[in-house]
Amino acid sequence: MGKPLHNQQSRFPFDNLGRLICAVIFLLCGLLSPLPAAAQTGSITGFVVDSVGNRLGGATIRAISGPGAGRQASTAADGTYLLTGLPAGRYIFRATRAGYATDSRTVNVPAFVTSRVDFVLREIPQAGGALEGVITRSGTGQPVPGVLVQLSSSVFSQSTTTNSEGRYRFSNVPVGTYRLQASRVGFNAVARTGINIRNGRTTTLNFAMTSRSSELGILQGTVVDAEGDPLSGVLVRLATGASRGQFDTTNSLGNYQISGIVPDTYTVEFSRADLATATQANVAIGPAQRVVLNAVLLPEAEADASIEGVVFGPVGQLLQGAVVEIIDGPATGAFDVTDSVGVYRIRGLQPGTYTLLANATGFGAVQRFVTVTESANLRVDFVLPSNQLGNGTITGQVTDASGEPVADVGVRITSGPVTGRVTSTDADGDYTILNLPDGLYTVVFSSPGFDDVTVAGIEVERNGIAVRNVTLVGEGGGTGVITGLVTDSDDNPLSGIRVEVLRDAQVVTTVTTNASGRYTASGLATDTYSLRFSGTGFNTELVSDVEVTDGATTTLNVQLDESAASTGTVRGNVIDQAGRSIAGATATLVAPDGDRTQTLTDADGDFLFQNVPIGGPYSVEVTADNLEASTRGPFTVTAGGDINLQFILRSLPGAGSIAGSVRRSNNLPIEGATVRIVAGPARGLTTTTNASGEFNFPALPPGTYGLVATAPGHRAQRRNVIVRAGNASFTIFRLAVQRGSAVLPQVRLRR
């Protein structure tokens, strides 16, 4: 017979000590249990570029599938982005930008690691054509920023301003002949006429502007040491602005004078090998103005102060890859990139007042003003707000009454938190407007041959996507359609053929054949029409008396004959003395009648002139900043011929250069790494590496330079290089991968 239950329990007394031991065991089990899965996160970073390698700001990278689906980030002006806090797992990321086809990548995101993911977006052909170019200063080849460029015809007018590289561009320009006018204070106005804009093509027009001496300014002053004694041999250089690169050297009295300065706002740099470099930003020089700017240079040994700190996000997260830069003060241009725990350090500073700017992809920029004393180690932290622009999207498809997509429809925001934003539908009738703050919007859709459609009350939530599909109806309520196939004499389909629909000799609508040679013109009222077919290399064909009935589809197939005119091709490649490709060089084709056609070399140093009329003599001249020009010719172009030229551009006499490569620690090249000159006579110049990890700074003044190489997900590295006149210096950066950590270490900074 079993014993009573209370007797069994009495063999194992559960006193207070036992309870305490059990409680400790339960506590330890809780502490030793695995971290929640939500803590296992990683990041992705990289670049978004177009089909020729130009970096694209304003693109959106979004996780469309995976554990963190819906997370997104936007690229900064330099095409970089950083998307953090992604739960580990397999993802599909998609990059989008208005006017470009999307690009998707499938990526495994491991925990605690920042992975490199780059995207390439191809531009979607728009209605009409484009005009672009670079404006330089005659005699120096330096780009001219701030030029007002106006493009006009009897029915079209648009204006823009050149950027810091002297570049301008007009997009979606209707086909026709135009006049261009360029004007800027300090320069004589330039006019160009007879500029032909063709459908689907980009016309390049580069030209130089001559300065107007009566409006040029003067910068002068005296440079002394800490005791007030004059300093000779100090290089005083304009580091930024329209007259960037102009310089003078102080005489025995410490005096300097730089004349012939184009009115602009400048950063002025004072440097001598045995002294700490000083920089003064925001120096405004007006038309015909004489500005006095004095400077004090201290010994290099006294420039031992530093600024360091931590960059946080709005909820206290540590931001890796944020850039903290000195934008004003004695060391303007110095910068650092935060590491995996958000820390930056800028060393080697002399006493003075500084302006710091911190920014990171997806966050708003913050500016701070600080005063640095001798040998001080100053801590300055930043908290960056969320991007105030917003990441909302309006997207959808535009079709006609028969359900066919309508390309090249103008889509414009006319009211809401932001107005004036414009895009157009692609070949599938799709449109997307990105980076919108939350709120209510009104959007207008317009296209030749259709009535405008206004859609009001489109609600965009923060980081949300509002879808609005629109149907366009032909002017007068027509729903008739003309469609067909365009082929050559051998029945091969022809893409890119322009099809104009005319009624009473007036163009009602214009469409273009697709890759299969098909076209569709919709929204037509009952009437009799004419269709005009045209394309490069083919005779124009006009078909009259095409009857259209409202609600019905008329089929019209056309065969085009090849044009009797024959053309050839002129191409070439441009390299430097070391055999490296030169991107952005200007190639000019000079025709027998003196007409000049210009284009720029691509990332591989290649240029191409197509459809060059047969005959000659032709010649090609190639120029690039701070390099000797080179000319090839004369030569003759034959029917179907292909002229291939090679150019080697040499450094100007007395100049040197710095070339090299940026590699990972395993010696693999890093494409898209940024290399910046942070010290020396050409401080502030920046370039990026090509697919082989190579970079090049041509035509540098002799001196000692400091270079810093950075790349997303890698630790920055500095190299010092000596440049001698007529010599090419070479250096290699090897960047270590910068990895995250499950537990962030405590940040300790010197005070």
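Two strands count as paired if DSSP finds at least two bridges between them, and the strands themselves are DSSP runs of E, at least two residues long, numbered from the N terminus. The model described here is predicted.

With that in hand, take the hairpin of β50 and β51, which has 5 residues between the strands. Within this hairpin, G594 takes a positive phi near 90°. Strand β50 covers residues 586-590 and β51 covers residues 596-600; the two run antiparallel and are joined by 5 bridges.

How many of the 5 residues of β50 are buried? The count is 5 of the 5, so the strand is largely enclosed by the rest of the structure. Buried here means under 20% relative accessible area. In a regular strand the side chains alternate between the two faces of the sheet.

Strand β53 leads on to the backbone exceptions. Most residues other than glycine have a negative phi, and most peptide bonds are trans. The bond between G616 and P617 is cis, with omega about 0°. P617 is placed in β53, which spans residues 615-623. Another cis peptide bond joins G633 and P634, also with omega about 0°. The strand that holds P634 is β54, residues 630-637.

N282 is not a glycine, yet its phi is positive, at about 55°. N282 belongs to strand β22, residues 278-285. D408 likewise has a positive phi without being a glycine, and the value is about 65°. D408 sits in the loop between β33 and β34, the latter being residues 410-415. Are these residues buried or exposed? N282 has a relative accessible area of 57% and is therefore exposed, the cut-off being over 50%. D408 has a relative accessible area of 29%, so D408 is partly exposed.

Strands of a sheet pair through backbone hydrogen bonds, either parallel or antiparallel. Between β2 and β3, which run antiparallel, there are 3 bridges. I61 stands opposite A73 of β3.

Strands β2 and β5 of this sheet also take part in a pocket. The second largest pocket holds about 440 Å³ of space. It is lined by 24 residues, and those closest to its centre are T96, T102, T395, T432 and L434. Which strands each supply at least two residues of the lining? They are β2 (60-65), β5 (89-96), β33 (392-399), β35 (422-424) and β36 (430-436). The most comes from β36, which gives 4 residues. By residue type, the lining divides into 8 nonpolar, 11 polar and 5 charged residues.

Aromatic contacts complete the tour. A pair of aromatic rings is described by the distance of the centres and the angle of the planes. Across the whole structure, 12 aromatic pairs are found. One of them is formed by F695 and F697, whose rings are 6.0 Å apart centre to centre, with 65° between the planes. This pair is edge-to-face, because planes over 60 degrees apart count as such. F695 is buried, with a relative accessible area of 2%. F697 is buried as well, at 4%. Elsewhere, F607, F609 and F647 form one aromatic cluster.

Key
Residues numbered from 1 in each chain as written. Predicted model: local features only at pLDDT ≥ 70, side-chain atom pairs only at ≥ 80, totals over all residues. Heavy atoms only, no water. 1 Å grid on protein atoms, 1.4 Å probe; cavity = no way out; pocket = protein on both sides within 12 Å on 5 of 7 lines; lining within 4 Å. Points joined across faces, edges and corners; volume = space filled by probe spheres on them. Nonpolar A, V, L, I, M, F, W, Y, C, P; charged D, E, K, R; others polar. Buried < 20%, exposed > 50% of the residue type's maximum accessible area, 1.4 Å probe, protein only. Phe/Tyr/Trp six-rings, centres within 6.5 Å; stacked < 30°, edge-to-face > 60°.
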